[in-house]
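Work through the exercises below with the coordinates open. Each task is followed by a stepwise solution.

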Amino acid sequence: MNDHFLGFGLGLRTQHFNDVLETRPDVDWFEIISENFMVAGGKPKYYLHAIREHYPMVMHGVSMSLGSTEPLDKEYLQRLKLLANEVQPRWLSDHLCWTGLEGINSHDLLPMPYTEEAIDHIAGRIMQVQETLGRQLLLENVSSYISYTESAMSEWEFYNEVVERADCLMLLDINNIYVSSRNHSFDAQTYLNSINPDRVRQFHLAGHSDYGTHVIDTHDHDICDPVWELYRQALHRFGAVSTMIERDDNIPPLNQLVEELQIARDIAAGILPRQPSGKLVAEREVR
Amino acid sequence: MSHSTSLHLRQQQMMAALLTGDETITEHIAGDHNLNAEQRLSIYQSGYRLRLREVIDNDHPVLGSYLGDDLFEQMVSGYIEAVPSRYRSLRHYCDPLPDYLQHDSFFSQYPHIAELTKFERCLLSSFDAPDRDTAAVGTLQQLPAEIWPQLQLRFHPSLQLFTSHYNSVEIWQAIRAEQRPPDPTPQPACWVIWRNRERLTEFRSAPPLEQRLIHSFFQGDNFTTAAELTATEVGEATAAAGLLNILLRWLELGWISQLTDETTPPNLKEVE
Ligand SMILES: [Fe+2]
């Protein structure tokens, strides 16, 4: 039994708080941005707790800065732990990146050079974080626009190796693979086929902005066809993996996102086998 | 160079590129036929500024309209340059903005602008202040009359006293109502900002007696002291009734979380 499969979720956004509570949309679970709820009280906290009563949640962070060479922010980790105690998320994720240095936060997901040194460094920090939080972390691949000349391996080799050494799990962002494949001219299918299926717990889907020469991960558009295609391939390889849509800008009404999520459900229904109960099961697990 | 420093060095170079425009790092970025190293780096450099600009814009819509496009851009680029984020959450990025405006060589000529910005930030901090139950209107009457003289107040954690020296709150209100703002003028005033029971931020002006009472309760004074204070303003004869009216109104507005005869000091935030 795949008890990690939560079904099809959405990112919980302020604009939809009220609609979620009032209409209880057909969404299996919600992902929250942890930092948005690291406040003492008020409206966001009220809705968080009210919505949590009705939906499973996972927590997704953007500022753990796992790859940074400055010390881990212990205070941030403690606040994150407190929030996790409140929310009781199914799991907690952050990114394969760094976000700042010497106390200054860029608020961006900055890529790592793919070197042995970087693997050692970030894997060690992930282990420290997992120790502090008392749980396994999901690590997400980011979109990137630069690659460093000193990189000695591919992004997927780096990602796999970090995850193995840190003994953490993977949040595979399908759109980020697509975006980076365009920006760095690699084959997205090769990336997918190289990822260790045993580690993958969640997928992100999102839209981006295509500038021809490059693609920027903006989360302000619908999901495009090549990303849906890559999602199909990911389902073939990884089976039933909890899937959600990230939308952070140009946010449409909730029902429009629920419709977009239906596309993901339909694609998965055509690919994944079902249990007698009708529930989707992971292909790998049937074998 | 030792192995353990090359990652650190690269990160220092990247931060320098974002914060100061120093492009040393391009020597370590691979370019290709689509984009060269400088173009790739510039995606991060402009992304950094855009992201912070958006935060200022979202947090300070009234300030933005008041300044107009050109001055707003001048403020944004100056602020981003001068004040990098030291926060994990963008929610706090503009916390030092009033201070920046107060000391910037251009904006300090117009001190009401810093004040208006401070007011807008106080509204935000009341919005996500800690939760606490508010005392019901009937609470006071339910307490035995013999403990009234010793009673103290615990204000709701969202309650703040905002003291202004200019008509900056009137300017804020006019902009918010899409009306022509009044000309800036010195005009001392005091405002109470709080989050109401619907979790929306409200504010209203606090007359002198209310200000003095809030200060007094904030210091941990009890009803006896409050009644004496009220008497000096309205006279002995109507002091008790006057105080009762004020307290009932505060209860109604949700300003009070607790009435107690214990002596732990209440918490009130004061912003000047
Ligand atoms: Fe993502």
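**Exercise 1. Classify R121(B) by accessibility, then do likewise for its salt-bridge partner D59(B).**

Solution. 
Step 1. In this predicted model, R121(B) has a relative accessible area of 7%. The cut-off for buried is under 20%, so R121(B) is buried.
Step 2. D59(B) has 15% relative accessibility and therefore counts as buried too.
Step 3. Check the bridge. The closest N and O atoms of D59(B) and R121(B) are 3.3 Å apart. A salt bridge needs such a pair within 4 Å.
Step 4. D59(B) sits in helix α2 of chain B and R121(B) in helix α5 (residues 111-127) of chain B, so the bridge ties together parts 62 residues apart in sequence.

**Exercise 2. Describe how domain 1 of chain B meets domain 2 of chain B.**

Solution. 
Step 1. Domain 1 of chain B covers 1-96 and domain 2 covers 110-272. Their centres, taken over C-alpha atoms, are separated by 40 Å.
Step 2. Count the contact. Domain 1 of chain B gives 12 residues and domain 2 of chain B gives 15.
Step 3. Take the area. The two domains of chain B bury about 1200 Å² between them, with 62% of it on carbon and sulfur atoms. On the domain 1 side, V62(B), Y66(B) and R91(B) supply 57% of the buried area, more than any other three residues.
Step 4. The polar contact rule finds 11 residue pairs across the same interface, both residues at pLDDT 80 or more.
Step 5. Assign the domain 1 side. Helix α3 (residues 61-82) of chain B provides its largest share, 6 residues. By class, that side has 6 nonpolar, 3 polar and 3 charged residues.

**Exercise 3. How many residues does each chain bring to the contact between chain B and chain A, and what makes up the side of chain B?**

Solution. 
Step 1. Chain B brings 45 residues and chain A brings 52.
Step 2. Together the chains bury about 4100 Å², and 57% of that is on carbon and sulfur atoms. In chain B, L7(B), Y44(B) and R88(B) lose the most area to chain A, together 23% of what that side buries.
Step 3. Turn to polar terms. The interface of chain B and chain A has 23 residue pairs in polar contact, both at pLDDT 80 or more. The elements of chain B giving two or more residues to this side are α1 (3-19) and α2 (37-59). The largest share, 13 residues, comes from α1(B).
Step 4. Sort the side of chain B by class: 21 nonpolar, 12 polar and 12 charged residues.

**Exercise 4. Locate the salt bridge between R199(A) and E164(A).**

Solution. 
Step 1. The closest N and O atoms are 3.1 Å apart.
Step 2. R199(A) lies in the loop between α7 and β9 (200-206) of chain A, and E164(A) in helix α5 (residues 155-166) of chain A; the two are 35 residues apart.
Step 3. R199(A) counts as buried at 13% relative accessibility, while E164(A), at 36%, counts as partly exposed.

**Exercise 5. Is L192(A) buried or exposed, and which residues does L192(A) touch?**

Solution. 
Step 1. L192(A) belongs to helix α7 (residues 188-194) of chain A.
Step 2. Its relative accessibility is 1%, so L192(A) counts as buried.
Step 3. Leave out residues up to four places away in sequence. L192(A) then touches L172(A), I177(A), L230(A), Q233(A), A234(A), R237(A) and F238(A).

Key: Residues are numbered from 1 along each chain as its sequence is written. Chains are lettered from A and ligands numbered from 1 in the order in which they are written. This is a predicted model: local features need pLDDT of at least 70, side-chain atom pairs count only at pLDDT 80 or more; totals for chains, interfaces and linings use all residues. Side-chain values use heavy atoms; hydrogens and water are left out. Contact means heavy atoms within 4.5 Å. Buried area is the accessible area (1.4 Å probe) that two parts lose on being put together, summed over both. A polar contact is a pair of N or O atoms within 3.5 Å; within protein, one must be able to donate a hydrogen and the other to accept it, and residues adjacent in sequence count only if both atoms are side-chain atoms. Helices (H or I, at least four residues) and strands (E, at least two) are DSSP runs, numbered from the N terminus. Ala, Val, Leu, Ile, Met, Phe, Trp, Tyr, Cys and Pro count as nonpolar, Asp, Glu, Lys and Arg as charged, and the others, Gly among them, as polar. Domain bounds come from an automatic or database domain assignment. A salt bridge is a side-chain nitrogen of Lys or Arg within 4 Å of a carboxyl oxygen of Asp or Glu. Buried means under 20% relative accessible area, exposed over 50%, partly exposed in between (1.4 Å probe, protein chains only).
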